[in-house]
Amino acid sequence: MIDVAVVGLGKMGLSHLSMIKAHPEANLVGVCDATGYLLDILSKYTGVATYKDLGKMLDEAAPEAIIVATPTHLHAGMIREAFRRGIHVFCEKPLVIDPAESVELAALAEEKGIVTQVGYHNRFVGAFREVQRLLELGAIGTVETALAEAYGPVVLKPAGRTWRSQRATGGGCLYDYAAHPLNLLTWYLGEPESVSGSQLTSIFSAQIDDAVAATLHYPQGTAQIIANWSDESQRKMTTKITLWGEHGRIHADRQEIQVYLRDTAEIPEGYRAGWNVRYTTDLTEAPWFYLRGEEYSAQLDAFVWRVRSRAVHGQNDFGSAAATDRVIAMISEDATRVDARLAASGHTATITPLAPRRASRFGTALRALRGGAR
Amino acid sequence: MTLITPSTRTMDRLLFGDNQFFGVNHMSEEKARAQQMRFQDTDAIMSVLDAAYDEGVHTFMCTTHDRIGEIADRVRADPDRYDQMTFFPCMPYAHKYANAVTDDGFLGAVRRFLPEEGLLDSIARGASSFARKDIEGVATLLIDAELKMFSGLATPVIWLQNVIVDLLSGLGFTDAFRIFANHVRKRYNAEPGFITMNLPRLLDDLDRAGVENPIVCSNINKLGFRMSGGVGSYLDAMQKRPFRAVAMSVFASGAISPREAIEWVTALPNLESIVFGASSRANIASTVSLVDEYWPEH
């Protein structure tokens, strides 16, 4: 049994809270949020100990592990508070905004023997795991071309008052949406050597990107990333990956994996040359508690067991999430380079600059926590 | 132990679900999109509902999606055609709230869905309970707002949808189940139903909340697909616990053949109803005939 606390009661925080409270090996010792109203309701109806101050919760409730589900720009400070007390950390994605800080935090965790994990839940989706297993078996050989996509209905009108509508606080399609397919690509193909052709496009938002496109270059191939969170033709978020290799093609989303194997391929057990389809139903085991997808339960379960066995390295540890943060930062920088395009004769390449990240982190932080999606 | 026999049955054996109309498919995003395209006109939904009705499936278990409001209007407009039509609404329509939480925060979302105008009673109920941090007033107002589209129609069972049920169950917020059950019984003279992906756990919660012999809908299929706690614990609950079981996902999204699925599920003790979805009259008819074969109504 481990003592766990949760900080941040937005959509992700509430759902983590519900799942961890139901976990047979976890004991919930405290909940922290800036919104007193929600805390009071939780305290009144569920009896949980509530705090408005993180430091106080960490000292008084003395959890062995915390789940951080606050706006992205608040992650780093909270993680440091936990690390200072030797507390293991599960943190929502993306890890932090500055990739140098991700690396530093990963090193710090390593040095102190702290278990860390970031909420890239797609790595716990049966179909996406199967992709990784097939790649490791070399089923389609070297991946030469790849396409990673994420679409969904998040920002569908100009107004926006939460932390997600500010770049400085970790908002934007790149941080929020593209992070998922990028994380899958770093899992499948490793870190790219370079990125090019990056474009961050605003559709409805004034200060942030609503769509992302970029090319990632690897020693033996390339991957395209396209993400758009202003796409209401999708009922909910969908993440897809397509990989073309020398011996075939793999396409996967949350529900299924479709694999085409050329007859030159070394065919894995249970597969055949030509088309193969596997469904979530075959690739997923029922978790101890289901709230909104097996993967969300599975990732918390993995974290609990890693904390119990002090397994510093594991799926989605800070070191692995730092790689994704680096790619995000590369795309962000590439999108602002004025010399990066070959212009058609008689034309000048148009670069749309995004609003710069604001320096007053403290003020925005406070505002976001008060009025944000908490 | 409650034994379900034809004489104690108050729900139909087959309930018609609405996932297929709104692009919910647990197997394939492609199929889900094709269904969304096919059913974007209400006429297309209505013609499948008519087919189900004419096959003798008179209960429509549906979300409180805006488009269900259009269906309700059509049924109200033709009482002769639909004299046996019954709705089992499932609330809330979760995506509506999830998107609102992203936009406005948790409290902002609650405020957005509270009625802006209306009876003095609801204003008083909302404002004072909001201030007292008493969820009862706010919750009952939200329930009323969701059910407005069914006014004048038969809604003998009203469901609380699984993401909310399981969220509350995980949080240990069991008072909410009692509040829901009381309100639905008192104000709508309906039976409360609870949809869950965690059946054994929820039965414990409902015991604690004092909801007796509850109607509970959960995945029940031969494969154990999305049956948290395992098939064994579900079967054990069906044998020993006093509740009225409704099975969903009996075909495990198509992974089990219809005959095998129906034969297995109808042999279980204390099953009261099966909720299923289909997009064609042929599939509806085939499910009806399998149920007649394995689970005859005397």
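Start by selecting B:Arg13, which is buried, with a relative accessible area of 12%. Here buried means under 20% relative accessible area, exposed over 50%, and partly exposed in between (1.4 Å probe, protein chains only). The model is predicted, so local features need pLDDT of at least 70 and side-chain atom pairs count only at pLDDT 80 or more, while totals for chains, interfaces and linings use all residues. Residues are numbered from 1 along each chain as its sequence is written, chains are lettered from A and ligands numbered from 1 in the order in which they are written, and side-chain values use heavy atoms, with hydrogens and water left out.

**Stop 1: a bridge across chain B**

(A salt bridge is a side-chain nitrogen of Lys or Arg within 4 Å of a carboxyl oxygen of Asp or Glu.) The pair links distant parts of the chain, with B:Asp292 in helix α12 and B:Arg13 in the segment before β1 (14–16), 279 residues apart. Helices (H or I, at least four residues) and strands (E, at least two) are DSSP runs, numbered from the N terminus. Is B:Asp292 buried or partly exposed? At 39% relative accessibility, B:Asp292 counts as partly exposed.

**Stop 2: bridges within a helix**

Now select B:Arg76 and B:Asp73, whose closest N and O atoms are 2.8 Å apart in a salt bridge. Both sit in helix α3 (residues 66–77) of chain B, 3 residues apart, about one turn of the helix. B:Arg76 is partly exposed at 33%, and B:Asp73 is partly exposed at 44%.

Hop over to chain A and pick A:Glu81 and A:Arg84, another salt bridge, with closest N and O atoms 3.0 Å apart. These two lie in helix α4 (residues 75–84) of chain A, 3 residues apart. A:Glu81 is partly exposed, with a relative accessible area of 22%, whereas A:Arg84 is exposed at 56%. Over all chains, a search of the whole structure finds 28 salt bridges.

**Stop 3: the nonpolar core**

Return to chain B and select B:Phe16, B:Phe60, B:Phe194, B:Ile220 and B:Ile284; of the 110 residues in the largest nonpolar core, these touch the most other members. Such a core is a set of buried Ala, Val, Leu, Ile, Met, Phe, Trp, Tyr and Cys residues joined through side-chain atoms within 4.5 Å. Which helix supplies the largest share of this core? Helix α2 (residues 42–54) of chain B does, with 8 residues.

Contact means heavy atoms within 4.5 Å.

**Stop 4: a buried loop residue**

Next, pick B:Asn221, found in the loop between β6 (215–219) and α10 (231–240) of chain B. At 0% relative accessibility, B:Asn221 counts as buried. Leaving aside neighbours within four places in sequence, the contacts of B:Asn221 include B:Met227, B:Ser249 and B:Trp264. B:Trp264 is also one of the buried residues in helix α11 (residues 258–266) of chain B.

**Stop 5: back to the surface**

Finish at A:Ile203, in the loop between β8 (194–201) and β9 (211–218) of chain A. A:Ile203 is partly exposed, with a relative accessible area of 42%.
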